[in-house]
Amino acid sequence: MSSRDSYLKSLRPDILTKTIKTEMSSEEYFQNTVLRPIIKFQNELLIAVFLQFCTKYKNVFFDLSTEKKILYIESSITKDSKLRSSFRDLIIGLFSVEEYSEYLKNASALNKRMTGIIKERLISHVQLLSESAPTK
C-alpha cells in the first residue's frame, strides 16, 4: 500500500457499527467501511459547501421553516447536479487507489448511497445550518 493510501486511511474516524456482516453485499460493505468514515471525516466541509450553495441562491434556505429546510436539502441534492458532483468529489478524493478501483466497478449504485448518506447528514444538522445564516 502506498504511503498516500495508508495516510488517507489513518485520517478516517473509526465507526463502530453492527452493520458490518459477512452476508452483506459488496456495495453495503463499501458504504460502511469506506463511505461512512470519509463522509463523517468531511462533515464540516460538506456543511460549508451546502451553506455556500444556499448563500449563492439568495439565502432563501435561511428563511424557511424546519420542514421546508429538509425538503430544500433533499430537493437541492437531487436536482442540482453541480452540488451533487461537488459532494461526490469531496468524498472520492479521499479514496485510496484500491478503493477507487472498487468504486468504479459499481459507481452508479455507490453514488446513490453516497448521496443518501450526505442528505441524511445535512438533515440531521438542519439546526446547525439554521444557526449559520449569514447576517443581513
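Of the contacts in the protein chain between residues at least 6 apart in sequence, 70% join residues at least 24 apart. The model is a predicted one. Its protein chain has eight helices and zero strands, giving the pattern α-α-α-α-α-α-α-α along the sequence. The C-alpha atoms occupy a box of roughly 50 × 30 × 25 Å along the principal axes. The chain has 136 residues, of which 37% are buried.

**Aromatic groups**

Nine aromatic pairs are present in the structure. One of them is formed by Phe 30 and Phe 95 in an edge-to-face arrangement, with 5.5 Å from centre to centre and 90 degrees between the planes. Phe 30 belongs to helix H2 (residues 26-41) and Phe 95 to the loop between H5 and helix H6 (97-105), so this pair ties together parts that are 65 residues apart in sequence. Phe 30 and Phe 95 are both buried.

A single aromatic cluster is made up of Phe 50, Phe 53, Tyr 57, Phe 61, Phe 62 and Tyr 72. Over the ring of Phe 61 sits the charged end of Lys 69, 5.5 Å from the ring centre.

**Asp 80**

Asp 80 is located in the loop between helix H4 (66-79) and helix H5 (81-92). Asp 80 is buried but has no salt bridge. Its nearest side chain of opposite charge is that of Arg 84, 6.9 Å away; a salt bridge would need a distance within 4 Å. The side chain of Asp 80 instead reaches the backbone nitrogen of Leu 83. Apart from neighbours within four places in sequence, Asp 80 contacts Phe 53, Tyr 57 and Ser 75. Phe 53 and Tyr 57 are also members of the aromatic cluster.

**Arg 36**

Helix H2 contains Arg 36, which is partly exposed at 29% relative accessibility. Not counting residues up to four places away in sequence, Arg 36 touches Ile 15, Gln 31, Ile 117 and Glu 120. The side chain of Arg 36 also makes a polar contact with the side chain of Asn 32. Between Arg 36 and Thr 78 there are 19 Å in space, C-alpha to C-alpha, and the two are 42 residues apart in sequence.

The side-chain distances for these two residues are listed below.

| Residue | Partner | Distance |
|---|---|---|
| Arg 36, side chain | Asn 32, side chain | 3.2 Å |

Terms used:
Residues numbered from 1 in each chain as written. Predicted model: local features only at pLDDT ≥ 70, side-chain atom pairs only at ≥ 80, totals over all residues. Heavy atoms only, no water. Helix = DSSP H or I, 4+ residues; strand = E, 2+ residues; numbered from the N terminus. Buried < 20%, exposed > 50% of the residue type's maximum accessible area, 1.4 Å probe, protein only. Lys, Arg positive; Asp, Glu negative; His and termini not counted. Polar contact = N/O pair within 3.5 Å; in protein donor to acceptor, adjacent residues only side chain to side chain. Contact = heavy atoms within 4.5 Å. Phe/Tyr/Trp six-rings, centres within 6.5 Å; stacked < 30°, edge-to-face > 60°. Lys NZ or Arg CZ within 6 Å of the ring centre and 35° of its normal.
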